[in-house]
Structure formats: C-alpha cells, structure tokens
Amino acid sequence: MSVEAESQAVPSRPAWRRAIGASAGVQRFLVGLAIPLALAAAWEIAVFAGLSDGRLVPPPSRIFAEYAELWGNGDLIRHILVTLVRVAIGFGLGAGAGTLLGALAGYSSLTRRLIDPTLQGLRAVPSMAWIPLFVLWLGIFETSKYALIAVGVFFPVYLGVMGAVLSVDRKIVEVGRAFRLSGFAMIRRILLPAVLPAYVLALRAGLGLGWMFVVAAEYMGASEGVGYLLIEGQQFSKPAEIVAAILTFAVLGKLTDVLIAVIAAPFLRWEDAFGAHQGGA
Amino acid sequence: MLALQNVGKTYPNGVRALDGFTLTVAPGEIVAIVGGSGCGKSTLLRAVSGLDRSSVGTVTLDGEPITAPHEKIGIVFQEPRLLPWLSVAGNVGFGLEGWPKPERNGRVKAQLDRVGLADKATVWPRELSGGQAQRVAIARAFVTRPEVLLLDEPFSALDAFTRADLQDHLLDVWADQKPTLVIVTHDVDEALVLADRVIVMRARPGRLYEEIAIELDRPRDRQSAAFDFAKRRVLAALDRSLDRRATSDDAETKTSAGAALWW
C-alpha cells in the first residue's frame, strides 16, 4: 500500500523512479517476469529430466555457467567495454550530426529544401548496404564500425529533431514574438524547451538503432566485442555463449536507454501528455 | 496615445479583412471592439500588436510607428498560451528576463497576488484550471507594465461565472497601472462591464461602424437600468451593422432576438 500512496504523490516522487517506471513498484516487475521465468524453469526441468539434451537450446544453468566463465576470466567485461565504446562514439557522431542537421532543416525552410531530399534519398538505402563501402573507405577496423553505427543513429535523430522543430506550436512561438524574442533568444527560450520531449524520444530511438548496428558491425568482422561472442559461439558451436551475448545486448540496450531517460527526466517534469504521469518510460 | 490612421489589411488571397480604420485611444482608456465574425477584429488587434503588419495606414504609440512587437504593448490571447515547461511564476516573469532576481521575483509575486494566485507560484501550468491559466496570462501581460494592453477575446473560452470573475480581476489590475486596454470580445455584457467606449465593426471589408461611449460609473451594476439601456444601444448598433432591420427606435422588441443571433 505504501507503494501506491507514493505513486499518488507525484511531485515528491524522485524523477529517476518515474523515468524507469518503478512507480507501480515491485509487484508489476514481478508480474512481467512471470512468463520468462516460468519458461526458463520449465526448460531447465525438461533438460534435467532427460526430455532433451539441451545442446542447441541450452538450459539456464548452462548459460549461467557460461556467464560465470566469461566473467571469471575477465573476457565479458572486456568485450562489453569494447562494444560500449563503439556505441558511444558512433552514437555521439550520429546523434550530433542528426541534431545539427535536423535543427537546421526544421528551423530554415531553405536549408530543408536544400538538404532534406538528399538525406531522404540516402535514408532509403538499407544501412547495411553501406558496409562494403565503409570497409573500402575506412578499413576493417574501428573507423568503419563507428561510421556504420553513426549512420544508423543519424536518421531517427535527424527526422525526430526536424519533425519536432516543425511541429512547435505556432501560438507558443507567437508568445515569444510578442515578448520580442528573436534569433538565439527565441531558440533558447521557446524552441529548445518545446522540442525537448520529442528530442529525447529521437535520441532513444537513435540509440536503439545504434545497438542494432553495433551487432552488424561486429558481426561483419571483429576480434572483440559482445558481437564477436556471437560469431565465436556460432563458429565453435557454443549456443550458451550466443545466448549469453544476446542477453548481454539486451541488458546493455535497456540500461543505456534508461540512462537517457533518467538524465532527461528532470527537464521533462512539466510534460502533460498521456503516459507522462503513468511512470511509463 | 495609441493612434490608428486609416489602417487596412488585405491578405495575400485578396480578402480585405480591414479597411480604412481610424481610431485614437487615450492613455488609460478602455476600448471594447465588438462585431460579427469576420469583421476584422482580430486582424485589427494583430496589427496594433505588431505581430502582423497592416497593408496600408499606420499604427502609432505616442508618435512612434508600430511595425513589430513593442515593449510598451502587451497582448493576452484567447487561449492562455502559457509555456508548459515554466512554472506559473516562471511564466509570469517571462517578460522580465535579464532583470535582477530580487526585483523580478518581487514583481512576479505582487502580480500573482493581484490575480489571486499567490499560492500557485510553483505549480506547472498543466495543474491550473482554465480560468486560473488565463489569470496567469493576464499577470504575465501586466507584469512588464505595458502602456497598452491588447486582449483578444480573452475570456471567451470560459464559463459565465469564471468570466465575470476574470472581468473583475482585469479591472482590479487595470486600476493599479491604468494602461490603455483594447479588448476584442464577442460578449456585449463584457464590453459594457469593461469599456469606456464600444466600437462596433462591420464586416466585408472590416471597418469601424459605430462608436458608443459608455458613461457609467465603475464598478458597473450589470442589473441596472442604465446598463440595460447601454446594452440595447450596442445591440441595436450590432444589428444595424449586420443589416438586420432593427433600428434603435424599435430596438425594444427586436434586439432580444438579435442578441441571441448576432454572432
């Protein structure tokens, strides 16, 4: 009951809890865990009872053992760090460029007419198709991976920022004009706060694609990184390692997504939209 | 003094929204502008505010031409248009950016007191009712102490009780600083409660049709015979502006129908 009482007191609730959706508390979390836990337990029992040898679909105990081994010899943390650095650099480049060009295209119709058709054309290219070119241009090592991730991040951020700037309420902009704001002051005091919620969403969408593309980048050739564990697991026929890598990606993806949400939450407390007060991140 | 000289506005699609509008408003005077829809009331207000420019004619404030938003001219829109990411106090102080903090806070607080929302200073706009939000919008416009305040149907979205309440609030705040008020309204009662002068406009093209001076003492009693008489004069003028047959002579019977129908 104390959990519910706390969710009533919206302003006093710490923003980070709202951002990660902890408001309805442990109860909801456990409900969400029920199906995966039940499936895992059932499979574990099935393998234990000899109904399957679990070679291609490893039971949870073998995945844990795999984790323990990877963790124990320090491999797991090394691979995670390598992958995180790749995503961070690729995301930084892609989100930076997407923000800049998206803001320019949204703010000035001339810029939009100039660059938007080209970018929309490039967007139509499935991003994986760039891989051979990037490898030829940038080599097979890190730079081409950064570039691929950046391309993946760029488009959702660009589109999100441009759309957000274009859809800022004209009436709110007029308030700015009535107070004689123009140029930079208008951007800082009206446009920037107005686009912030949509911008955070765009960044989160971009980050999701960044994680997708880091897998592709590492899959196309890498000697380390969580994606490399996938290849290794495939080549040495170790499904437990593949599943461990998959789970690692899931956890990393969710954690970094929550990180953005948490950082943004204090700036978005004012939001008045469906979902903004339901603790849904 | 606010002076409009032969102001006209033709939109790019050829619509003449406003034509040859001439009016001078004395400092501290309250002018209400009424008229049927499409008579150019809002166009007029936007030209005075500097948000839009007139096609012909000039708007001047104390001799200074107004072609862009001016610090001495404030505006309250039909909707509160509060900035949702600022607290109520932040919204009220929006026009005081760059002021020393103590002075700014003092003014904001005083203005919020004046509209009866001192206890709401720290809440978000989303937590306000429609009437409260519009009071914040009024406070935001008054806090910079404009010489002229324009109000574009400011209370039209509110229920009758809230509207009467806000009209009183508006007169209270006006009494402090005595700025010139130009208020566009659909509501004849509102015009009569507030204004020293009611301007009736006529549509296609929008132009000044009739001026009616309201010489009633404030606070005005909405039930008094004098109020009723003034109301009939305005309604009759509105009927004539819309080419209804009612004249001021037989207004007695016809305006009741007109009153219900003129907008």
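Author: This is a predicted model, and the term to begin with is pLDDT, the predictor's confidence in each residue on a scale from 0 to 100. On that scale chain B averages 85, and 92% of its residues score at least 70. For the model as a whole, the scores are ipTM 0.83 and pTM 0.77.

Reader: Which elements of chain B have the lowest and the highest mean pLDDT?

Author: Helix α8 of chain B, residues 251–261, has the lowest mean, 46, whereas strand β8 of chain B, residues 180–184, has the highest, 93. Over residues 247–260 of chain B the pLDDT falls below 50, although this stretch has 21 contacts in the model beyond near neighbours in sequence. Where pLDDT is low, the predicted coordinates should not be read in detail.

Reader: What makes β1 and β2 of chain B a pair?

Author: Pairing requires at least two bridges between the strands; strand β1 of chain B, residues 2–10, and β2(B) have six bridges, in the antiparallel sense, and therefore they count as a pair by that cut-off. One of the positions concerned is B:Thr10, whose bridge partner in β2(B) is B:Arg16.

Reader: Where does β4(B) meet β1(B), and how many bridges join them?

Author: Five bridges join β1(B) to β4(B), residues 56–61, and the two strands run antiparallel; B:Gln5, for instance, has B:Thr58 as its bridge partner in β4(B).

Reader: Why are β2 and β5 of chain B described as edges?

Author: The order of this open sheet of four strands is β2-β1-β4-β5 in chain B, with antiparallel pairing. β2 (16–25) and β5 (64–65) of chain B each have a single partner strand, so one side of each is left without a neighbour in the sheet.

Reader: What makes up the side of chain B that touches chain A, by class?

Author: The contact takes 14 residues from chain B and 11 residues from chain A. On the side of chain B, eight are nonpolar, two polar and four charged.

Reader: Which domains are assigned in chain A?

Author: The domain assignment gives domain 1 (2–45) and domain 2 (59–268), and the C-alpha centres of these domains of chain A lie 27 Å apart.

Key: Residues are numbered from 1 along each chain as its sequence is written. Chains are lettered from A and ligands numbered from 1 in the order in which they are written. This is a predicted model: local features need pLDDT of at least 70, side-chain atom pairs count only at pLDDT 80 or more; totals for chains, interfaces and linings use all residues. Two residues are in contact if their C-beta atoms, placed from the backbone, lie within 7 Å. Domain bounds come from an automatic or database domain assignment. Ala, Val, Leu, Ile, Met, Phe, Trp, Tyr, Cys and Pro count as nonpolar, Asp, Glu, Lys and Arg as charged, and the others, Gly among them, as polar.
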